[in-house]
Amino acid sequence: MKINYTLFFSIILATGIVALGFTFLQVVAERNRLHEEVMKRSSLVSKEFASEWLKEPQGENPGRLDTLMQMLSRKYRLAGLACFHNVDQLVYSNMSPDEVLDRTRKDLPASITSDSVSGRFFHAGGKDLYQFIRPVREGAIPNQAVVVYTETGYIWVSLRDIWIRNFLRWIFQALLVSFITVWIVRWSIFTPVNRLVNWMKSVRVGNADPPQHNSSSKFLQPLQTEATRLATAIVEARATAEEEVRLRADRESIWTPARLNAEAKLILKEKKLIVVSNREPYLHVHEGREIRCITPASGMVTAMEPILKACGGLWIASGTGDADREVVDAQDSIKVPPDDPKYTLRRIWLGKEEEEHFYYGFSNEGLWPLCHVAHTRPVFRMEDWNYYQEVNRKYADSILAEIRDEERPFILVQDYHFALLPAMIKEGKPDARVSIFWHIPWPNPESFGICPWQKEILLGMLGADLIGFHTQYHCNNFLSTVNRTLEARVAWESFSVIIGEHRTRVSPFPISISFTMKDYSSLPAYSQTVPGLMKKYGLNASLIGVGVDRIDYTKGILERFHAVERFFEKYPAYREKFTFVQIGAPSRTFIKNYSDLVDEVEKEADRLNRKFQVQGWKPILLLNQHHSHEEIEPFYKAASLCMVTSLHDGMNLVAKEFVASRSSRDGVLILSRFTGAAQELEGSLIINPYDVEEMADAMKGALEMPGEEQRIRMNQMRQTILRHNVYSWAASILKGMEAVS
């Protein structure tokens, strides 16, 4: 309340000062205008009277001059007129008292002698007057004068009225502005601030509900954002501490960003942490005249970003946004994330031919299909291989420049784009601790033997101190490939490879997502219904399923559509009730296999819709464009089931993202047995993506599964992700690198 009074009186004082200043200026201007008006009128009257006076010989017709004086006095509202001969002889006058004439006699000599008009404002005889003297020539010498007297008391009255009117206007305006301002401030500032304060109080006592946002107070958003982050950290710390106490008896522990940060500091000991990948975590693009920062769809980015946020460091990646060059500094670097910088992103620039042969060619037409063994023949070209080596060398040179003066830096190389990079780094910086994590499957030795440069790839990877895969099965395949291909000793008992004096450890590190006790404990907050969600697309449905994938031949999207078709054939009761939503981000469309697949997926969705759809409903809603996580989240939360039907996948984080989004503990995950996630998420319905009948029956089973069974299965999977989140994954890799001698 005190601040309201302070604000109220401050506004009154401020408006008063402004009103005083403007009134003063107005009064000065009005006074000058009235004075000028009086002087002009006096000059005009004196001139007119002087001309009439000269027409009469002196004293011949005094009555006529009296009449003229009276007429002019009435016409111009004069106080009086006087005529003087020389300086001491009063000829005519209708002015009194003598005090006024005495003042005039003092001013006459100067005016007559200088033959110039003069005027004076003065107070005499209880009146405010203006005296105007005009010398009159009679011959060559001015020896007469006409004096005009104008009463000016009305000027003071007029100026007084201005002060009074402005004072009243100021009082009214000040009160009005004060009341309106106080009301607006209370509504737009105090109310949201008080709401934020009350929310923080509730957080302090254990209420983790999100704050209520107020669109009228957007300028308070930075304060609310920081307060939310602080409160979220408090809630997460409390939840983690409570869970630690609960799980301590079982010797279990939950990894959080704070815990990873503390662990990383102990392991790194001020050493530099560098993550290397082809895809950047943020890219900048032109959007009209603005530059927009977006996060690309990538499971690798989803996994690695929380680690850099927690630990800091440097991320080196290819710059692919059309505005990327415009936002970096002289070192091609930028602090990210944009709203809360935690680490540095260094961009490497690849030419068009480098991108075509290194990325689209050798990486995605060669290694990708080779490792996924998904009925697409790998293509190997010598030119692609040359560019692959060249780009790996470019990255190595950039990394070596960054770590030239660093002692034993930690370098985490990501994925199949940089198989040669570990050896190149070790060659230039032998004391660097290097790991490479292979985010896709590793095939059996026979399949990998197709690659003409298998030895070079294996030797490049074995330059690392630690090689990570998602599963033990992939580790075994890699070691078998090394055993058959290279002259190296494979130590199966320690799962390592020894070449000369260098030992490389090979271990499984099942990758995960950012999921902490706060996410696990959050209460259901999703209120949008399925009909409300589908209304945006002009469809009616009471149940939905969801699939989220890059459009890639390894994801089994066409097989999934065939299962949806069979589901509606076998179980027609679900027609017009259930719609399957496929969110598919186009990917690598410069490669013919991928562009053809996009067309095929669209045609298949159209075929099924033509077969089953009725007005207001269709079986498949295909959203064929990039969607942010915030746009996907409503579908995750509203869906009754999620289908992950990969034909071959290293892990598949979509499965874990769906489970993490189900704070309501319901919903069913249908998961391909050929994903790494199938080994962890035992609460899912495991299917063979090549078996259409099994998938159709799994959809029916998911939709009809009792709520209690859904909760048991979902809780089991959520606890698995909680205990094995991305922070646990990162800690395992850092510990593995630290353990390397």
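How many nonpolar, polar and charged residues does the lining of the second largest pocket have? By class, this lining has 13 nonpolar, 9 polar and 7 charged residues; Ala, Val, Leu, Ile, Met, Phe, Trp, Tyr, Cys and Pro count as nonpolar, Asp, Glu, Lys and Arg as charged, and the others, Gly among them, as polar. The structure is a predicted model, in which local features need pLDDT of at least 70 and side-chain atom pairs count only at pLDDT 80 or more, while totals for chains, interfaces and linings use all residues. Residues are numbered from 1 along each chain as its sequence is written, and side-chain values use heavy atoms, with hydrogens and water left out.

**The second largest pocket**

- The second largest pocket holds about 860 Å³ of space; a volume is the space filled by probe spheres set on grid points, which are joined across faces, edges and corners.
- On a 1 Å grid over the protein atoms alone, where a 1.4 Å probe is fitted, a pocket is an open set of points with protein on both sides within 12 Å along at least five of seven lines, and lining residues have an atom within 4 Å of a point.
- Of the 29 residues that line this pocket, Arg279, Leu283, Pro296, Thr320 and Tyr360 are the closest to its centre.
- Helix α9 (residues 352-372) gives the largest share of the lining, 4 residues; helices (H or I, at least four residues) and strands (E, at least two) are DSSP runs, numbered from the N terminus.

**Helix α9 and its surroundings**

- The axes of α9 and helix α10 (residues 382-402) come within 8 Å and cross at roughly 110 degrees; axes are lines fitted to C-alpha atoms, for helices over the stretch in contact, and angles run from 0 to 180 degrees between N-to-C directions.
- The two helices α9 and α10 are therefore roughly perpendicular to each other (65 to 115 degrees; under 35 counts as roughly parallel, over 145 as roughly antiparallel and the rest as oblique).
- The crossing of α9 and α10 is left-handed, a term for a near helix turned anticlockwise from the far one by less than a right angle.
- Residues of α9 that meet α10 include Glu353, His357, Phe358 and Leu367, and their partners in α10 include Trp385, Tyr388 and Lys394; contact means heavy atoms within 4.5 Å.
- This contact of α9 with α10 has 7 nonpolar, 4 polar and 6 charged residues.
- Beyond its neighbours within four places in sequence, Glu365 is in contact with Tyr360, Arg377, Pro378, Val379, Arg381 and Ile591.

**Two further helix pairs**

- Helix α6 (residues 257-268) packs against helix α23 (residues 726-739) at an angle of about 10 degrees, with the axes 10 Å apart.
- Helices α6 and α23 are therefore roughly parallel to each other.
- Pro257, Leu260, Glu263, Ala264 and Ile267 in α6 meet Tyr727, Ala730, Ala731, Leu734, Lys735 and Glu738 in α23.
- The contact of α6 with α23 has 8 nonpolar, no polar and 3 charged residues.
- The axes of helix α20 (residues 653-661) and helix α22 (residues 707-723) come within 9 Å and cross at roughly 115 degrees, which makes α20 roughly perpendicular to α22.
- The crossing of α20 with α22 is left-handed.

**Backbone details in loops**

- The peptide bond from Val336 to Pro337 is cis, with omega near -5 degrees, and Pro337 is in the loop between β10 (333-336) and β11 (343-348).
- Glu270 has a positive phi of about 70 degrees although it is not a glycine, and its place is in the loop between α6 and β6 (273-276).
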